[in-house]
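Trainee: I have just opened this one for the first time. Could you walk me through it?

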Amino acid sequence: MRLFTGIVFCSLVLGVTSENWFSFFKEALQGAGDLGRAYWMTSSHQNSKRYFYAQGNYDAAERGPGGVWAAKLISSTRVYLQGFLDYYLFGNSSTVLEDSKSNEKAEEWGRSGKDPDRFRPDGMPKND
């Protein structure tokens, strides 16, 4: 737990450069909300997980440096926990590893500011 707290604190200090702390935290909280909303939406549409991961990271990155920091932290935590659970539930499955890598690619795509519609599944309505 101390290691995790140290990593979070160091990445926070390194993430704040010339921005003031209040706006950074505001962006981080708003970015976390964007990711939470996107992760919640993954259950409402079939085969849309990558799209919502990309969209959530895109929305968080649009908030500013705090949003990018929150997106990286939350995405990394999700990947770590999902990998940990998948390993103990499914073993070393190549399909689980491929799925995880494609999810990470979608998250990085969204964080970089590129259009998340690249990952939109066919037949999904545009209003989501």
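**Confidence first**

Mentor: This is a predicted model, and the protein averages a pLDDT of 80, with 80% of the residues scoring at least 70.

Trainee: Which helix has the lowest mean pLDDT, and which the highest?

Mentor: Among the elements of the protein, helix α1 (residues 2-15) has the lowest mean, at 63, whereas helix α3 (residues 49-63) has the highest, at 90. Where pLDDT is low, the predicted coordinates should not be read in detail.

Trainee: OK, on to α4. How many residues does it have, and how far does it reach?

Mentor: Helix α4 covers residues 65-90; its 26 residues reach 36 Å from the first C-alpha to the last, which is close to the 38 Å expected at 1.5 Å a residue. Just after α4, G91 takes a positive phi of about 75°.

Trainee: And Y88, is that buried or exposed?

Mentor: Y88, which is found in α4, is exposed, because its relative accessible area is 59%, and the cut-off for exposed is over 50%. Y88 also belongs to a nonpolar surface patch with Y80, L81, F84, L85, Y87, L89 and F90, and together they have about 960 Å² of accessible area.

Trainee: Which residues of α4 are buried, then?

Mentor: The buried residues in α4 include G66, G67, W69, A70, A71, S75 and D86.

Conventions: Residues are numbered from 1 along each chain as its sequence is written. This is a predicted model: local features need pLDDT of at least 70, side-chain atom pairs count only at pLDDT 80 or more; totals for chains, interfaces and linings use all residues. Side-chain values use heavy atoms; hydrogens and water are left out. pLDDT is the predictor's confidence in each residue, from 0 to 100. Helices (H or I, at least four residues) and strands (E, at least two) are DSSP runs, numbered from the N terminus. Patches are made of residues with over 30% relative accessible area and no salt bridge: like charges are joined within 9 Å, nonpolar side chains (Val, Leu, Ile, Met, Phe, Trp, Tyr) within 5 Å. Accessible areas come from the Shrake-Rupley method with a 1.4 Å probe; for residues, only the protein chains shown count as cover. A salt bridge is a side-chain nitrogen of Lys or Arg within 4 Å of a carboxyl oxygen of Asp or Glu. Buried means under 20% relative accessible area, exposed over 50%, partly exposed in between (1.4 Å probe, protein chains only). The expected span of a helix is 1.5 Å times one less than its number of residues.
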